Structure formats: structure tokens, C-alpha cells
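Biologist: Can you put the model on screen and take me through it? I'd like to start with the overall layout and then go into details.

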Amino acid sequence: MSVSYFGWDVTYDDGSSQLGGSQAPKDQGVYTMYHGTSIANARLIIANGFRQSSAGMLGKGVYISRRMGKAQRYPLSGTAADRVVLKVHARVGRVKRIDKDNHPMQYTWNSQGYDTAWVPPKCGMLSVPSGLEEDCVFDPKRLEVLDVAMAPNTIIQNELKQLIANSVKKGDARPDSGAGNVCALCKRKTVQGSPHSTQQCWGCGKNICILMTRHVCTASA
């Protein structure tokens, strides 16, 4: 019997993977997430990149969430007039699920070989009263600012957006951001030090990238 087509066909809506509220981030995935901060810190992040927080419910790292509503609450000690939400690309690397208080790896996940800790939504942790999911990325170089998702007013929003645009024009992308690098197979942006995974199609044997939006296998059986 001849097979005229098999393979896959997917759509990316903004150049990165989007997750539902309860979906776990997959190892080595690249996702769009959000980081809440102050106006002053947003300027510093855009200019110099993210920095680890010294402490937190998951230890050292940069705290982000795929839920903008979660990021809008930060900084907790700030006011609405000083809160900014940055839209970021996150290369999560190897992910550890932390879903209960006093988890044995709550503060040691990075020393155990994980790059990101993930707290799923509504897991019952007392330290997450909102019940919204949260991620902690240990290495700030895994994060890249894309846009300003929220600012207290249009003046601040336009200022921060211009800072991002100026950084791109000057080529001031972070050392590991891989700006300008494109995968030869899927034609999507890659990050230096983290090339896309490739493999051979089990039907036709052609090299394929796991992020390709479409692959048509020419094999027949």
C-alpha cells in the first residue's frame, strides 16, 4: 500500500511555545513568560540583563510566570504606579516540578542538575496563596526581554519599549541570546549554546528539527 503523506503540521503564534495553565514546561523548551518588577529595575534589566534574586520560595534565580496576572502582583512591596511586567523568552533547560511545601529539592534543584523549578497551579503550597503557576530560572542568561507587557502609563511603556528597540539596534543582545542565529531546518531563531534538537525522520530518513512547523515524509510502504 502506498502512503502519500505522514508527518505533522503545527502553528506557532508568536515565535515561541505557549502553554496552558496546567501544562508542565518541557525540558529544553523555549517559552514566552512574564516577569514583574519596578520601573527602575526594568530599565536595568533591559540594559544589563536579568540578575538572580538572592532568595525566594525556590531559592536563587529569576522568578517568572506564564500568567501575566501573576507577574502583575510584583514587586509585592510596590504600588501599581511602580509596577512593570516584562514579556520574556525563557529557555527552561531541564525542569524540576516542585509541588508541595518542604519538597526535598525545593532549594537544591539546581545543584541536582536542573535549570528551572516549576510550581504547578493550585498545588496547595502555602507559599503560593494565589494558586497560580510560577517558575524559577537559575541562570539569568536563559532569559531575554521581548517586550513590555504592562506599565503604569503610556509614557513609561513607550520609554521602556524604546530602550528595548535601542538595545536590539546596537546589537546588545545578551551573550547567550543568539540574536540573528536561525536554524537552517525550521528557520526559527536559535540561542547560542542551545541549538535546536534534530533527528532523522523514521520514514524517509531526512534530517528534521523538532521545532519545524511541518514535515512531509516522502517514504512509501
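Biologist: Fine. Where does this come from, and how many helices and strands are in the protein chain?

Modeller: It is a predicted model. The protein chain has three helices and 11 strands. Along the sequence the pattern reads β-β-α-β-α-β-β-β-β-β-α-β-β-β.

Biologist: What share of the residues counts as buried?

Modeller: 39% of the 221 residues in the protein chain. The accessible surface is about 12100 Å², and carbon and sulfur atoms make up 50% of that.

Biologist: Let's do sheets. What is the strand order in the open sheet of four strands?

Modeller: The order is β3-β7-β6-β5, and the pairing is mixed. β3 (62-64) and β5 (95-97) are the edge strands with a single partner each, so one side of each has no neighbour in the sheet. From one strand to the next the twist averages 25 degrees.

Biologist: How do β6 and β7 pair?

Modeller: Antiparallel, over four bridges, with β6 covering residues 116-119 and β7 covering residues 134-137. Within that pairing, Thr116 is opposite Val137 and Trp118 is opposite Asp135.

Biologist: And on the other flank, how many bridges join β3 to β7?

Modeller: Three, and the two strands run antiparallel. Val62 faces Val137 there. Val137 therefore stands opposite Val62 on the β3 side and opposite Thr116 on the β6 side, with β7 placed between β3 and β6 in the strand order.

Biologist: Which way do the β7 side chains point?

Modeller: Glu134 and Cys136 point one way, Asp135 and Val137 the other, and all of them are buried. In a regular strand, side chains alternate between the two faces of the sheet.

Biologist: Change of topic. Is β2 mostly covered or mostly open?

Modeller: Mostly covered: β2 spans residues 30-38, and eight of its nine residues are buried. β2 pairs with β4 (residues 83-91) in the antiparallel sense over nine bridges.

Biologist: How many aromatic pairs does a search of the whole structure find?

Modeller: One. The pair is Trp109 with Phe138, edge-to-face, at 6.2 Å centre to centre and 90 degrees between the planes.

Biologist: Where do Trp109 and Phe138 lie?

Modeller: Trp109 is in the loop between β5 and β6, and Phe138 is in the loop between β7 and β8 (143-150), so the pair ties together parts 29 residues apart in sequence.

Biologist: Buried or exposed, for Trp109?

Modeller: Trp109 is buried, at a relative accessible area of 1%. Phe138 has 27% and counts as partly exposed.

Biologist: Last one. What lies over the face of Tyr114?

Modeller: Arg94 does, at 4.0 Å from the ring centre.

Conventions
Residues numbered from 1 in each chain as written. Predicted model: local features only at pLDDT ≥ 70, side-chain atom pairs only at ≥ 80, totals over all residues. Heavy atoms only, no water. Pairing = 2+ DSSP bridges. Axes fitted to C-alpha atoms, helices over the stretch in contact; angles between N-to-C directions. Buried < 20%, exposed > 50% of the residue type's maximum accessible area, 1.4 Å probe, protein only. Areas by Shrake-Rupley, 256 points an atom, 1.4 Å probe, with all protein chains shown as cover. Phe/Tyr/Trp six-rings, centres within 6.5 Å; stacked < 30°, edge-to-face > 60°. Lys NZ or Arg CZ within 6 Å of the ring centre and 35° of its normal.
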